[in-house]
Amino acid sequence: MEKDSFVNESNSDDSNDKISDLLTSLQSLHIFKNLEKEEILEILKISQIKKYEEHQTIFNEGDEGENTLFVIIEGRVEIISESLKTKSKISLFAAGKGLTFGEMSFLDAQPRSATIRTIEKTEVFVINRKYFDLLMEQKPKVSAKFLMGLADILSRRLRATDQRLKYSI
């Protein structure tokens, strides 16, 4: 796992191109839909870009202490949970570019509710809650717009879960 620092690099043309390309890529993701490029840059300043190999576990169900939110830039991950009845592992779904995971622990500081494993080489945008809290103090408008994007994603997931429950009963 490697951290890429796009914002803290020197102001070379190559560095500026990298930042511009990343901002364009991130702006196309649903969670950033309410943000201007300059606002995404503020989020980038408190974030990391991490790369994972194929079949690498990012975190395990029950893990505590790391209140981070992940946004998939490239690649795919599998969300896996343990059945309470059978204790067997269940693949809940696969997530790809633009989708988020880790948002529950990011918001409520509780242990991870599922295991996340990469299906292929994956690059993610990672935001730590501690640094996001500082951003909320310094740039409340940017933080609010980001949280509205996250709330929209969570609302869509809850609606989809409601529909699945309605049809399974």
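**Close-up 1. Crossing of helices α4 and α5 in the predicted model.** The axes of helix α4 (residues 129–138) and helix α5 (residues 140–168) come within 5 Å of each other and cross at roughly 125°. The model is a predicted one. On the α4 side, the contact is made by Phe132, Leu135, Met136, Glu137 and Gln138. On the α5 side, Pro140, Val142, Ser143, Phe146 and Leu147 take part.

Close-up 2. Lys50 is part of strand β2, which covers residues 47–52. The residue is buried and yet has no salt bridge. A salt bridge requires a side-chain nitrogen of Lys or Arg within 4 Å of a carboxyl oxygen of Asp or Glu. The side chain of Lys50 does have a polar contact with the side chain of Gln48, at 3.3 Å.

Close-up 3. Met104 belongs to helix α3, made up of residues 103–108. Its relative accessible area is 47%, so Met104 is classed as partly exposed. When neighbours within four places in sequence are left aside, Met104 is in contact with Ala109 and Ser113. Asn67 lies 37 residues from Met104 along the chain, and the C-alpha atoms of the two residues are separated by 8.7 Å.

Key: Residues numbered from 1 in each chain as written. Predicted model: local features only at pLDDT ≥ 70, side-chain atom pairs only at ≥ 80, totals over all residues. Heavy atoms only, no water. Helix = DSSP H or I, 4+ residues; strand = E, 2+ residues; numbered from the N terminus. Buried < 20%, exposed > 50% of the residue type's maximum accessible area, 1.4 Å probe, protein only. Lys, Arg positive; Asp, Glu negative; His and termini not counted. Polar contact = N/O pair within 3.5 Å; in protein donor to acceptor, adjacent residues only side chain to side chain. Contact = heavy atoms within 4.5 Å. Axes fitted to C-alpha atoms, helices over the stretch in contact; angles between N-to-C directions.
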